[in-house]
Amino acid sequence: MTDGQFTKGHLITLLISSAIGVGFGAAWWFFGASSVSGGSTALVVVGVAAVLALVAWLVLTARRGAGLPAGGGREESPFGKQYGIAVLLMLVGIFAGARVLSAVFDLPEAVPAWVLFVVGLHFLPFAKLFGSRRFLVLSALLCVVAVLAAVLAVAGWTAAWQLVPGFGGAVVLWATVVAGLLGTDRQGATSPAS
């Protein structure tokens with residue numbers, strides 16, 4: 001995505017993908033917090049603070065990128081047919097796997113780990129689509145967190161089915177957003193044009 005000159009189109013792609021990461025990270029965080037008996041209020045406050053800080057950073061990045069040159073328009077956007085196919089396959093995988101886990105194996109508690117695993121897999125084609133290896137790291141980390149949840153739950157910590165995907169998924173997604181924004185800042189890509 002940033003091999004050539006960083007343009008407004010690249011910035012828009014970064015902002016959209018980052019906003020998606022913030023939103024789904026929040027969903028995972030609040031799912032994890034809802035799974036904590038007692039003391040979840042502090043976790044909700046932490047989640048709200050994290051979301052507000054990341055949204056503020058996105059807004060600041062958008063404003064600082066106002067002077068970027070045009071380019072990377074809709075014809076170059078990664079949010080096209082291949083993106084839609086990856087998302088569709090993810091949704092089919094989530095629902096089919098959830099059904100099998102619940103109805104065949106009687107393990108509905110494993111569904112959050114399955115969902116996180118499939119979400120992780122759906123990021124694999126994004127590395128090529130978005131031109132960023134960051135999606136390979138994101139994919140691997142989400143899959144590792146999902147497998148860790150299963151291992152810990154099978155080993156006897158049954159709360160891991162909800163807590164590990166919840167908080168782990170959120171941290172991985174938010175950390176990826178931070179890495180993208182830091183990378184853009186480091187390159188000076190959002191500095192107004194002189």
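The lining of the largest pocket in this predicted model consists, by class, of 23 nonpolar, 13 polar and two charged residues. In total, 38 residues line the largest pocket, and the space inside comes to about 810 Å³. Ser17, Phe123, Phe135, Leu138 and Thr176 are the lining residues that lie nearest the centre of the pocket.

At least two residues each come from α1 (8–34), α3 (81–104), α4 (111–122), α5 (126–130), α6 (134–154) and α7 (160–186). Helix α1 supplies the largest share, ten residues.

Aromatic side chains are the next topic. The structure contains 13 aromatic pairs. One of them joins Tyr83 and Phe126, whose rings are stacked, with 5.2 Å from centre to centre and 25° between the planes. Because Tyr83 belongs to helix α3 and Phe126 to helix α5, this pair ties together parts that are 43 residues apart in sequence. Tyr83 has a relative accessible area of 18%, so this residue counts as buried, the limit being under 20%. Phe126 is also buried, with a relative accessible area of 2%.

Phe126 forms a further aromatic pair with Phe130; here the rings are tilted, at 5.4 Å centre to centre and 50° between the planes. Both of these residues lie in helix α5, four residues apart, or about one turn of the helix. Phe130 is buried, as is Phe126.

Definitions and conventions: Residues are numbered from 1 along each chain as its sequence is written. This is a predicted model: local features need pLDDT of at least 70, side-chain atom pairs count only at pLDDT 80 or more; totals for chains, interfaces and linings use all residues. Side-chain values use heavy atoms; hydrogens and water are left out. On a 1 Å grid over the protein atoms alone, a cavity is a set of points where a 1.4 Å probe fits but cannot get out, and a pocket is an open set with protein on both sides within 12 Å along at least five of seven lines; lining residues have an atom within 4 Å of a point. Grid points are joined across faces, edges and corners, and a volume is the space filled by probe spheres set on the points. Ala, Val, Leu, Ile, Met, Phe, Trp, Tyr, Cys and Pro count as nonpolar, Asp, Glu, Lys and Arg as charged, and the others, Gly among them, as polar. Rings of Phe, Tyr and Trp (its six-membered ring) pair if their centres lie within 6.5 Å; planes under 30 degrees apart count as stacked, over 60 as edge-to-face and the rest as tilted. Buried means under 20% relative accessible area, exposed over 50%, partly exposed in between (1.4 Å probe, protein chains only).
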